[in-house]
Amino acid sequence: METRGDFEVQLEGMREYYRGGNTRGASWRKSQLRGLGRLLEEREAEMNAALEFDLGKHPVESYRDEIGSLIKSVNYALGCLKGWMSAEKAKLPLAAVLTTAEIIPEPLGLVLIISSWNFPFGLSLEPLIGALAAGNVVVLKPSEVAPRCSSLLANVLPAYLDPKAVKVVEGGPTISEQLIQQKWDKILFTGSARVGRMVMAAAANHLTPVTLELGGKCPAVLDSLSNSWVREVAVQRILGSKFSACAGQACIAIDYVLVETKFSSTLLELMKVWISKMLGENPRESRSMARIVNKNHFFRLKTLLEDPNVKASIVYGGSMDENSLFIEPTILLDPPLESGLMQDEIFGPLLPIITLKKIEDSINFINSRPKPLAIYVFTHNDSLRKRMVAETSSGSVTFNDAMVQYVADTLPFGGIGESGMGNYHGKFSFDTFSHHKAVVRRSFLVDFWFRFPPWNDHKLQLFRSMYLFDYLGVLLTVLGLKKSKQD
Amino acid sequence: MAGEDKKQQPFDSKAASSLVAELRGAFASGTTRSYQWRESQLRGLLRMTDEHEQDIVAALRSDLGKPELESVLYEAAMLRNSCKFALKELQRWMMPEKVKTSLTTFPSSAEIVSEPLGVVLIISAWNYPYLLSLDPVVGAIAAGNAVVLKPSEIAPATSALLAKLLGEYMDSSSIRVVEGAVPETTALLEQKWDKIFYTGNGRVGRIVMAAAAKHLTPVVLELGGKSPVVVDSGINLQIACRRIIVGKWGNNNGQACIASDYIITTKDLAPKLVDVLKNELETFYGKNPLESKDLSRIVNSDHFTRLTKLLDEDKVSKKVVYGGERDPTKLQIAPTILLDVPRDSLIMNEEIFGPLLPILTVDKLEESFDIINSGAKPLAAYIFTNDKKLKEHFVNNVSAGGLVVNDTTVHLAVHALPFGGVGESGIGAYHGKFSFDAFSHKKAVVYRSFMGDAAIRYPPYTNGKLRLMKALLGGSILGILRALFGRS
């Protein structure tokens with residue numbers, strides 16, 4: 001176990017390494033990205049084993065949600081790196097003769113990435129891709145709640161990446177608290193809003209910019225759909241994103257469904273059919289569903305269901321096995337809105353269906369609650385679509401599907417309000433770990449003599465014209481043919 | 001008038017909380033979101049500046065002794081330009097940005113929609129009190145937010161003028177001014193805002209960010225630092241000195257966040273540099289600069305005392321090679337140059353923010369980069385040189401909010417450049433579209449078809465699905481075909 005002193009020495013060493021310019025060149029950055037690519041290829045089996053141990057994930061789920069997505073992101077970054085690193089010319093007004101302006105991205109320096117337990121590889125390495133592409137040195141703190149994954153990262157990253165530039169620090173809340181007290185050039189945190197506040201408060205001491213990827217209750221609005229085939233696709237997508245991605249323990253999982261009362265029984269029947277089709281008779285054995293990560297969360301979810309009014313609203317599932325930390329897919333119909341289940345982010349395989357008189361009522365319903373990370377809307381109705389985008393606020397809105405926004409490299413992934421600040425993925429990852437430096441280059445050759453004191457009305461008039469880009473005015477004033485405003 | 005009654009009651013937490021609630025109601029009604037509203041408010045700011053330019057000049061003269069040209073140029077004209085640029089671009093800024101989608105989400109289309117954050121707080125500074133209050137307001141309005149502006153109490157005439165004028169020209173259901181000092185600012189900071197934009201110093205910047213953390217409120221902090229000027233030989237010294245002088249003393253008498261704080265030059269060049277500076281200073285401000293009408297005064301006695309302390313420190317007082325005169329009754333300090341001050345002096349360890357210009361000398365100019373990089377990252381850094389290699393080395397290795405080669409401060413006026421700091425000099429940026437972005441949420445919107453890959457993503461999991469998924473995420477058409485038609 002390292003002492004605080006040791007740790008601070010290590011950080012200073014990393015800063016030295018950064019100051020030496022070692023991480024700035026494109027070739028170093030590419031080598032790190034390629035290293036990550038090789039890691040993902042060569043260690044897939046071990047990563048799958050760790051995810052199965054920590055969370056009971058099936059290898060296909062692991063590939064779909066973490067490994068595959070990371071491979072895509074590494075390749076995307078490699079392909080785009082040159083463009084991302086290049087300076088961007090800035091347009092100047094005509095009067096700026098012999099002057100150039102550009103925006104140059106530069107690394108921030110020493111950055112901290114604090115990851116979460118539900119997608120322990122994805123949420124550690126996706127930010128890491130951005131931090132390395134942007135030329136920073138990085139300390140990564142994986143979540144101790146997924147201990148196998150955490151120790152795998154600690155063991156393999158040094159073999160594939162520059163160990164002077166990337167360090168993994170393992171540990172629990174005490175270690176995290178110590179980490180956030182240090183001076184970083186950036187912190188990217190994925191986790192709960194409660195801890196997010198603590199991270200930002202600690203960052204404030206050093207004026208460290210932060211990106212906080214938090215959570216919330218992501219609603220799915222299910223409108224009446226034209227035919228049964230489309231309805232089935234919608235239901236599969238809803239069920240798939242709720243139950244098949246870490247058993248609902250995901251920041252962008254559908255938390256609850258909003259549907260018109262008259263469709264609720266159809267919906268329920270469809271869900272029952274498709275749950276058994278997709279997850280099988282024994283989802284625990286087939287690992288078509290992950291398990292609950294630990295006893296803490298298991299009891300948290302159990303407690304949510306113990307509220308008698310909530311229990312009474314269970315229409316499917318509800319059984320739980322403490323030994324295997326398994327909760328079967330559970331659907332509830334109109335549990336009380338003041339219950340814990342409907343107030344806190346569920347983060348588990350419990351799916352409330354809330355019925356509304358009109359589907360448009362979902363807008364007010366969503367707006368009367370904290371802004372979520374994602375809103376999902378299943379509809380053909382163009383006007384509902386427009387209203388949803390214009391009248392609600394969330395990190396993202398996805399129509400007719402769920403969770404796919406996560407794999408879109410061209411879209412910013414982040415929250416708003418209680419669901420977070422800042423974003424990443426694709427170029428947004430590069431940008432979030434960069435400083436965009438403004439650079440202006442002037443010539444000695446041209447200056448406007450009236451730029452300098454002593455001041456008089458004549459010079460003032462010239463400036464007035466210049467600022468209006470009124471070149472004729474400038475000319476006339478210089479020639480003495482135009483008087484100043486004061487005369 | 002209702003506004004004046006409110007002044008008598010203290011603006012406490014309760015008042016702040018009900019102000020925010022009121023503005024939230026206004027924002028929720030949707031008023032501030034329309035193009036028409038945003039456009040009308042920006043035109044209002046423009047008209048206000050045009051019709052009251054003399055009042056603005058008078059307030060700035062009262063608060064800062066600011067010369068008319070500086071007020072007109074650096075405050076009124078710049079604010080006007082900001083409004084005009086926003087008006088010109090607003091429609092384009094408001095449009096969603098279509099983005100390409102790939103095989104991983106096929107078939108789909110996607111865009112990034114800019115939406116207002118909601119109710120924002122802007123806390124301004126005293127040195128450019130008109131511009132630094134309203135320039136962020138331009139961005140907040142353009143982005144469709146409701147705004148509370150807290151101008152600096154250290155520039156009271158401008159603060160009062162802003163309260164009066166904004167009340168007359170702007171939609172007061174959504175745009176308000178709160179005047180006051182620490183108690184009022186504290187009450188405001190306790191509230192939940194959707195964004196806080198603060199211009200000022202690092203000490204208060206930390207307080208603002210800590211308050212924001214309680215509500216997970218994102219912030220922009222426009223702070224400061226010691227902006228260095230590196231001066232090389234082999235350049236037109238006269239032009240360089242003029243530019244340094246106008247960027248320092250011509251900018252509120254050095255009380256500007258991007259004014260040149262100190263110079264670094266070679267021991268060889270220093271004497272000549274000092275001579276040229278002296279000549280040009282005399283041309284600009286005369287033999288009696290304390291009498292010159294072209295220099296702002298020091299804003300108040302606190303800052304006057306602070307600056308004279310920097311000047312009178314033992315290890316520094318004998319290093320004055322020009323100026324040093326001061327007049328406490330006028331709160332004026334003459335343009336002062338100091339040569340070879342020790343690196344551990346007070347004047348080299350805090351942002352000067354005044355008319356004192358220390359010169360550090362080195363043997364080789366390359367040493368200047370280490371000096372600069374050993375300190376906190378400044379808001380701006382400048383170099384005067386014709387040496388291409390030195391230029392590129394400077395640009396690539398000095399980290400600051402913004403850099404200018406062969407001039408000072410001009411990057412402030414370029415709309416297309418982000419204006420902001422890094423590290424101790426700040427978080428976030430604004431100006432031009434960056435202002436609009438600073439007060440917007442970039443919302444990702446994906447439109448998916450019901451057709452597509454429903455089955456392969458979900459359980460039951462099979463090897464065939466895995467192969468197909470690998471091919472899709474890998475993006476190779478051949479791989480996809482193989483997976484589709486291969487063994488299942």
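Is Glu392(B) buried, partly exposed or exposed, and what is its relative accessible area? Glu392(B) is partly exposed, with a relative accessible area of 30%, where buried means under 20%, exposed over 50% and partly exposed in between, computed with a 1.4 Å probe on protein chains only.

## Basis of the values

This is a predicted model, in which local features need pLDDT of at least 70 and side-chain atom pairs count only at pLDDT 80 or more, whereas totals for chains, interfaces and linings use all residues. Residues are numbered from 1 along each chain as its sequence is written, chains are lettered from A and ligands numbered from 1 in the order in which they are written, and side-chain values use heavy atoms, with hydrogens and water left out.

## A pair between chains

Glu392(B) forms a salt bridge with Arg441(A), at 2.8 Å from N to O, the term standing for a side-chain nitrogen of Lys or Arg within 4 Å of a carboxyl oxygen of Asp or Glu. Because Glu392(B) belongs to helix H15 (residues 388-397) of chain B and Arg441(A) to strand S18 (residues 434-442) of chain A, the pair joins two chains; helices (H or I, at least four residues) and strands (E, at least two) are DSSP runs, numbered from the N terminus. Arg441(A) is buried, with a relative accessible area of 17%.

## Pairs within chain A

In helix H16 (residues 382-391) of chain A, Arg387(A) and Glu391(A) lie 4 residues apart, about one turn of the helix, and their closest N and O atoms are 2.9 Å apart in a salt bridge. Arg387(A) is partly exposed at 32% relative accessibility, and Glu391(A) is partly exposed at 36%.

Glu66(A) and Lys57(A), both buried, form a salt bridge with closest N and O atoms 3.0 Å apart.
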